[in-house]
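Keep the sequence and the 3D view open as you read.

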Amino acid sequence: TEWAEGQDRRENSGKSKISQAMWDKLLDMSNVPKKMLPGSDQKGSFSHGRGAAKTWTDEEAAERLKSLRPVKNGRLITVRFDSTVGDIMPWSFVPTQLDVKVVPGETALSFFTATNHSDKAITGVATYNVHPPRAGLYFNKIQCFCFEEQRLLPGETVDMPVFFFIDPEYAGDAQLARINNITLSYTFFQTDEDDDDDDDDDDDDDDHDDYDSADE
């Protein structure tokens, strides 16, 4: 799609809209253990939103799929989805379904829909939380859009995936014995550098090329 091609162009250019300060803020706002977030030593498939795909993949979690099995006679866990956007961000951002029911050890795929309601391209990035916090120890994302730049054109709507499973060990945690509901919550923020900077850079490059051509 045009959106995916645009994302690829940004990734290949090596440009990032995420400052180090914003990156640190996104990580700090998540209540999930840092070792489970992209960008940690254990998550080598992601690095500060530079040169990565529009979704990141946890290679360790993906490798577990080969042996992952749903807990036999396991209780159903309802995973509810919540979404918000920053105050200044002209986007709507909602889950395509309110919840899913899974057994620990079972994978699930869900989507969130984002729409840019402004008249210019906007780049955003999301962080997430899991509630109750202890459940976050067992919430494993295989692939997700969070912590990655998402650039939407004016009026554009996209569906963004999250592929996950709850670790089978969830069923054996006595502190979660009565917890059958988990909330996965995302917040999207507009990046703190304007997309117009890219346009200015492109214009400067064009002017420079024209100048070089004139010299020739």
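## The chain at a glance

Of the 216 residues in the chain, 45% count as buried. Please keep in mind that this is a predicted model. The chain has 4 helices and 10 strands, and along the sequence they follow the pattern α-α-β-α-β-β-β-β-β-β-β-β-β-α.

**Surface and contacts**

- Among contacts between residues at least 6 apart in sequence, 79% join residues at least 24 apart.

**The open sheet**

- An open sheet is formed by 5 strands in the order E4-E2-E10-E6-E8, with mixed pairing.
- Strands E4 and E8 (150–152) stand at the edges of this sheet; each has a single partner strand, so one side of each is left without a neighbour in the sheet.
- From one strand to the next, the twist averages 30°.
- E2 and E4 run antiparallel and are joined by 4 bridges; here Ile77 has Val102 in E4 as its bridge partner.
- E2 and E10 pair in the parallel sense over 8 bridges, and Arg80 stands opposite Thr183 in E10.
- Which residues of E4 lie on its covered face, and which on its uncovered one? Val100 and Val102 make up the covered face, while Asp99 and Lys101 make up the uncovered one.

**The largest nonpolar core**

- In general, nonpolar side chains of soluble globular proteins tend to be buried together.
- The largest nonpolar core holds 34 residues, of which Val79, Phe145, Ile166 and Tyr186 touch the most other members.
- Strands that give two or more residues to this core include E2 (77–85), E5 (107–116), E6 (122–131), E9 (157–166) and E10 (181–190).
- Which element gives the most to this core? That is E9, with 5 residues.
- Leaving aside residues up to four places away in sequence, Ile166 touches Ile77, Val79, Val102, Pro104, Gly105, Glu106, Tyr138, Phe139 and Ile182.
- Two of the residues touched by Ile166, Ile77 and Val102, are the bridge partners that link E2 and E4.

**Cysteines**

- The structure holds 0 disulfides.
- Cys144 is buried, with a relative accessible area of 0%.
- Cys146 also counts as buried, at 0% relative accessibility.

**Backbone details to look at**

- In general, most residues other than glycine have a negative phi, and most peptide bonds are trans.
- A cis peptide bond joins His131 and Pro132, with omega at about 0°.
- Pro132 lies in the loop between E6 and E7 and counts as partly exposed, at 27% relative accessibility.
- Not counting residues up to four places away in sequence, Pro132 touches Ile179 and Asn181.
- The C-alpha atoms of Pro132 and Leu176 are separated by 9.2 Å, and these residues are 44 apart along the chain.
- Asn73 is a residue other than glycine with a positive phi, near 60°.
- Is Asn73 buried or exposed? Asn73 counts as exposed, at 77% relative accessibility, and it lies in the loop between H3 and E2.
- Phe147 has a positive phi too, near 65°. Its place is in the loop between E7 and E8, where Phe147 counts as buried, at 0% relative accessibility.

- Ser67 is found in the loop between helix H3 (59–64) and E2.
- With a relative accessible area of 58%, Ser67 is exposed.
- Ser67 and Gly105 are 38 residues apart along the chain, and their C-alpha atoms are separated by 9.8 Å.

Conventions. Residues numbered from 1 in each chain as written. Predicted model: local features only at pLDDT ≥ 70, side-chain atom pairs only at ≥ 80, totals over all residues. Heavy atoms only, no water. Core = buried A, V, L, I, M, F, W, Y, C linked by side-chain atoms within 4.5 Å. Buried < 20%, exposed > 50% of the residue type's maximum accessible area, 1.4 Å probe, protein only. Contact = heavy atoms within 4.5 Å. Pairing = 2+ DSSP bridges. Disulfide = S-S within 2.5 Å. Axes fitted to C-alpha atoms, helices over the stretch in contact; angles between N-to-C directions.
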